[in-house]
Amino acid sequence: MKKHSESADPPSLTLSIIQLDHSISQIDRPIADTAKCVVDHLSCCTPSDALDALRSSASTKLKLCPTLRENVDKSVMRYRRDEDRWTSFTSLLLKSLAFYRSVDPGIGTSPAAEEADDLSTRMEKLKIKEKEELPIVDLPRTNYNRPYLPLLDGKSSTSKTFNKAEGVKENFNSMMNVSHQYPWVCMAQQQLRPAEETSKSILIGVDLVIFSARLNNYSPTVDDFLKSFVGSFTPWEWERINRRQYPSMFGRKVSTRPRSDQSKLREFFLRWSMKEAYTKALGLGMNVNFNEVETRLHGVDVDAGADVLSNQDEGIWTSTMNQGVATNCSEGGSLRQFSAVGKVKCVKSLTWKCWEFI
């Protein structure tokens, strides 16, 4: 999701999605050995050292920083399950890619033919060669532990200091957010063009969910599984998760009916992801009580200004399937994209704010 803008030409957003299924099954060595081998091979450095190396004419490779290497090891190996270690490691690589894109937006993308010459010129200037091995970058973090892309050149006038301990300013002209749930890892990154800088900076939050309930002896049914999350939603949201809403045939009265287990799960996970994406966009993450934030979507939620037919099996998932735009992906398949303007309100406040959920 991102802060809603009325601009007709919104800032460019890049969504990177990685699936890890086949990668894990084809690697014989444990994740601990593989991560160690890759990190040692690529090296690890600070953002300023990486930028200096890109601009330097020296051909020598950056040396591994033991302290940063220890940070990388801890960020990956602190998880017990190999699946979580893999997603954490992939997230680390994507965040490094985001840094290099902030230096040069053409890195890691397939530019159009008319942009190829300009991209080659910029890459030559930055000493980035094809198939060059770039070091892993250890990004600074805010006081709420959110990693961010630092402002190193002082070109942006929309920056402010987040990490007070280090005094490292954030680059609001290139912002990113990462989410992962095995076997998927995704990253959204905003890259402002020069003409957009200082005027269209937006906040970005991403959350990735899989429609799968962990049923066991303690929560054998979908309802049992969902009960453990009731405290994370407002009463209005919890009603929307459990019951469908649609206008009656008489006036503006709203009728409801129970959802199926599958519909409950989809509505639950999507509304959870909206909350988490919102708090991540603010840079607060899980430091916010979810039941103190309420989200509603125009075009989906009846009492948020939607125009829903009485015979429609309504909900976020149904709206996605009915209104979503099929977008081609790099592998020749298609992804379904649905964009809706939503209202977000803190329970203790009377003010609604508009955000765009994609």
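User: How many residues of strand E11 (residues 293–297) are buried?

Analyst: This is a predicted model, so read every value as computed from it. In E11, 5 of its 5 residues are buried, and the strand is mostly covered.

User: How do I read the two faces of a strand? Which residues of E11 lie on one side and which on the other?

Analyst: Start with the general idea. In a regular strand the side chains alternate between the two faces of the sheet. Now the case here. Val-293, Thr-295 and Leu-297 lie on one side of E11. Glu-294 and Arg-296 lie on the other. Both faces are covered.

User: Which strand does E11 pair with, and in what sense?

Analyst: E11 pairs with strand E14 (residues 340–346) in the antiparallel sense, over 5 bridges. For a point to find on screen, take Glu-294, which stands opposite Lys-345 in E14.

User: What joins E14 to strand E15 (residues 353–357)?

Analyst: 5 bridges do, and E14 and E15 run antiparallel. Ala-340 has Phe-357 in E15 as its bridge partner. E14 and E15 form a hairpin, with 6 residues between them.

User: Now helices. How do I read the packing of helix H4 (residues 66–77) and helix H5 (residues 82–103)?

Analyst: Two packed helices are described by the angle between their axes and the distance between the axes. For H4 and H5 the angle is about 140° and the axes are 8 Å apart. Angles over 145 degrees count as roughly antiparallel. H4 and H5 are therefore oblique to each other.

User: Which residues make that contact?

Analyst: H4 brings Val-72, Ser-75, Val-76 and Met-77. H5 brings Arg-85, Ser-88, Phe-89 and Leu-92. By class, the contact of H4 with H5 has 5 nonpolar, 2 polar and 1 charged residues.

User: Let me try a single residue. Is Thr-279 buried or exposed?

Analyst: Thr-279 lies in helix H9 (residues 261–281). Its relative accessible area is 1%, and the cut-off for buried is under 20%, so Thr-279 is buried.

User: What lies around Thr-279?

Analyst: Not counting residues up to four places away in sequence, Thr-279 touches Leu-284, Gly-285, Val-288 and Phe-290. Look also at its side chain: a polar atom there lies 3.0 Å from the backbone oxygen of Glu-276.

Methods:
Residues numbered from 1 in each chain as written. Predicted model: local features only at pLDDT ≥ 70, side-chain atom pairs only at ≥ 80, totals over all residues. Heavy atoms only, no water. Buried < 20%, exposed > 50% of the residue type's maximum accessible area, 1.4 Å probe, protein only. Helix = DSSP H or I, 4+ residues; strand = E, 2+ residues; numbered from the N terminus. Pairing = 2+ DSSP bridges. Axes fitted to C-alpha atoms, helices over the stretch in contact; angles between N-to-C directions. Parallel < 35°, antiparallel > 145°, perpendicular 65-115°, else oblique. Contact = heavy atoms within 4.5 Å. Nonpolar A, V, L, I, M, F, W, Y, C, P; charged D, E, K, R; others polar. Polar contact = N/O pair within 3.5 Å; in protein donor to acceptor, adjacent residues only side chain to side chain.
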